[in-house]
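The following exercises ask you to read a structure step by step, with a worked solution after each task. Please try each task before reading on.

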2 protein chains.
Amino acid sequence: MTAPSPLSPYDNMSPVAQAAYRSRAAAATLAPLPRAEKDDALLAVADALEVRTAEIVAANAKDVARAREAGTSEAVVDRLTLTPERVRAIASDVRDVVTLPDPVGEVVRGGTLPNGIDLRQVRVPLGVVGIIYEARPNVTVDAAALCLKSGNAVLLRGSSSAYESNTALVRVLRDAVHGAGLPADAIQLVPGESRDSVRELMRARGLVDVLIPRGGASLIRTVVEESTVPVIETGTGNCHVYVDAHADLDTAVEILVNSKAQRVSVCNAAETLLVHQDIADAFLPRALDALAEAGVTVHADERVQTYADASKATVVPATAEDWETEYLSYDIAAAVVDSLEQAVEHIRLWTSGHTEAIVTTSQQAARRFTQLVDSTTVAVNASTRFTDGGQFGFGAEIGISTQKLHARGPMGLPELTSTKYIVTGDGHVR
Amino acid sequence: MTAPSPLSPYDNMSPVAQAAYRSRAAAATLAPLPRAEKDDALLAVADALEVRTAEIVAANAKDVARAREAGTSEAVVDRLTLTPERVRAIASDVRDVVTLPDPVGEVVRGGTLPNGIDLRQVRVPLGVVGIIYEARPNVTVDAAALCLKSGNAVLLRGSSSAYESNTALVRVLRDAVHGAGLPADAIQLVPGESRDSVRELMRARGLVDVLIPRGGASLIRTVVEESTVPVIETGTGNCHVYVDAHADLDTAVEILVNSKAQRVSVCNAAETLLVHQDIADAFLPRALDALAEAGVTVHADERVQTYADASKATVVPATAEDWETEYLSYDIAAAVVDSLEQAVEHIRLWTSGHTEAIVTTSQQAARRFTQLVDSTTVAVNASTRFTDGGQFGFGAEIGISTQKLHARGPMGLPELTSTKYIVTGDGHVR
């Protein structure tokens, strides 16, 4: 047999395709590795991040300077900035990944068929995972560590505003992985800073097994619409808190304020409050005052507006647009509903499908709400802010899927795997 | 609160989008239904198929007549044809689906978090499932029954050559479902016979949750490339049989012939034979004769060709194209490899990732092959023909996924579900 050179079909390929092809080769090496070898490489990565902190911080300083020159907001500059402390924290996160169980090889189901064949479905890596993300350079390391632990090669496409930082980080990661005896190409930056390189990555079906966009709504929409590589949609969160007719008022106020204001910039923060009409008189005056104290502006429907004058709250009239807005700020939309069913209907119509909470003392209402609401997470008497890989005990999170295929909700290491069936017989034929 | 009419955002929508929107409404009704109600509807469907067989067969006769006029091959006409016996068999398949467990509501994982929150991940329907398929009208009923059982609404887009048959079948199914008190729109044909309606279905992201194309390679490629709705790729099978240096010769011949010739038109039939050089002298003469007896033409590399003259086999030289061809006919490509590793390399380069078998008496070789080969199914001393939902004991199959995301290998009812998390607290906040 004269096997064609494995490279031959790709002789004329673009730099992005070449990188993806090298990722595939690395993925083939990673797939059968035992946990210990992957963990050793991760420990080497953590050590290298600490030893080479100065190099990383110096590269980051160039990105930061460029961002300041371009008049970038301080909030964004802060997210971009790496300090020695932050690099240490990133290294510590890598060590946390070492402690997580390896999902690869787990037998998901298995048994013996009536004909005596042994059938096992076992977890295997996805292969090559592409991550397209925005400014935060810590994502570079987090994503690489989770992919390596789950036996996947990763192709990283960060923001061009973090180019120097990401280049330095990936250099450190690759050196460490190579030093530990694993292929450096397990971790690669997508070559090129242009939009074209993103487009090529999105069309690299057959070379890249999945793309995970992490960032704002427009980034995610672009990837979803243009990619031929399968995509896991993440992150958009227009989350609702519904206060039922039967609800403990203290609990309702606490969950509302926590869901909205404990941290406003995150996808699991609440963006809309729905209140059953039977409890509106008792609840809304307290809720509006509590929201005012937390600094939250209320975008209110007509019925909520009737409580505005008697409260300290800043209340503005809601338009239809408010029902679908993910504010990510100290704002909340609010409406009174006639029934649980109307709350469910409102949610179905406007939600991004991330997290919806009900506050109720009624077992019947809780059961009905959890049955009828179809979002990644339905919370009963708990804050929307719990939808999080860390909170769920997954140890780490590559993102929160808001789609239904493959993974839904917070994605940990098992969500970075596929499965294969192993059929074992004694010469069985049909 | 003045809730907008749920229909308002869709006032100007196309017929396909309107149908998809009705599917969504039906899906919302189906999702919380207990198993008994879905099973009753399925039994009503089975009964209706039997009671209204004449109507179905009459409609089918129009399609068959049209196909004959158009000079369609008898094999295709046969696949298109419905007889009273075949309708009875289809009804019987529906009754089999009734006996399968309902995946919806299954707790996939669950427990209590350190803070006392109860966390459960439960199976829920995907929502709206689109099926794009070719001539066989039995797929109409199979797909509808599996989707209904798993609480999904289905949007069916069959071949225009089966239009009359599918229209009659869907009319019968909808009447039965409606008669059982469930929404008729749980089962819909995509309106319109034109290519445009397929294109609209593929772009109905947000309305349709997943598209499953079932048919030839070009149909599947089109859907994969043009759809913004998530797709589950199915079916292409360039399956390999590798005969290791240490293999029982009788077993190897039997598995080879069964994998290739037990039924040649199916995706889990073998298309390439790889033989370790150390066993070639002993195995290939017997293998070639056995393939000749089964009527199989061998597309051979140079080393296999050297055994041709001494055998009864029809042997033609293989070109590179043969390594990637899914013949679906009495043809097989064949090559001698230097090692297990070279066999794996060949498979990685050319496989469609469906099923690969190793025949070996060596535990070490079996273990290495199953670790290194990354296809939906790896068979050890068993025919490739076992990769099948029925054979795997799933009771039914909506297709065989050859992609890594969401589902891989034969897809049964659980693969037609997603999950959601239910978080239950006592007023828990962060």
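**Exercise 1.** Determine whether I212(A) is buried or exposed, and find which residues it touches.

*Solution.* In this predicted model, I212(A) has a relative accessibility of 1% and therefore counts as buried (buried means under 20% relative accessible area, exposed over 50%, partly exposed in between, with a 1.4 Å probe and protein chains only). With residues up to four places away in sequence not counted, I212(A) touches V129(A), G130(A), I131(A), I132(A), I232(A), T234(A), I398(A), M411(A) and L416(A), contact meaning heavy atoms within 4.5 Å.

Residues are numbered from 1 along each chain as its sequence is written, and chains are lettered from A and ligands numbered from 1 in the order in which they are written. Local features of the predicted model need pLDDT of at least 70 and side-chain atom pairs count only at pLDDT 80 or more, whereas totals for chains, interfaces and linings use all residues, and side-chain values use heavy atoms, with hydrogens and water left out.

**Exercise 2.** Describe how helix 14 and helix 15 of chain A are arranged.

*Solution.* The axes of helix 14 (residues 340–350) and helix 15 (residues 363–372) of chain A come within 11 Å and cross at roughly 25 degrees, axes being lines fitted to C-alpha atoms over the stretch in contact and angles running from 0 to 180 degrees between N-to-C directions. This makes helix 14 of chain A roughly parallel to helix 15 of chain A (under 35 degrees is roughly parallel, over 145 roughly antiparallel, 65 to 115 roughly perpendicular, the rest oblique). On the side of helix 14 of chain A, the contact is made by L340(A), E341(A), V344(A), I347(A) and R348(A), and on that of helix 15 of chain A by A365(A), R368(A), F369(A) and L372(A).

**Exercise 3.** Work out how chain B is related to chain A.

*Solution.* A rotation of 180 degrees, with 0.0 Å of shift along its axis, superposes chain B on chain A with an RMSD of 0.0 Å, by least squares on the C-alpha atoms of residues with pLDDT of at least 70 in both. The two copies are therefore related as by a two-fold rotation axis. Within chain B, H406(B) comes closest to the rotation axis, its C-alpha lying at 1.7 Å.

Technical notes
Helices (H or I, at least four residues) and strands (E, at least two) are DSSP runs, numbered from the N terminus.
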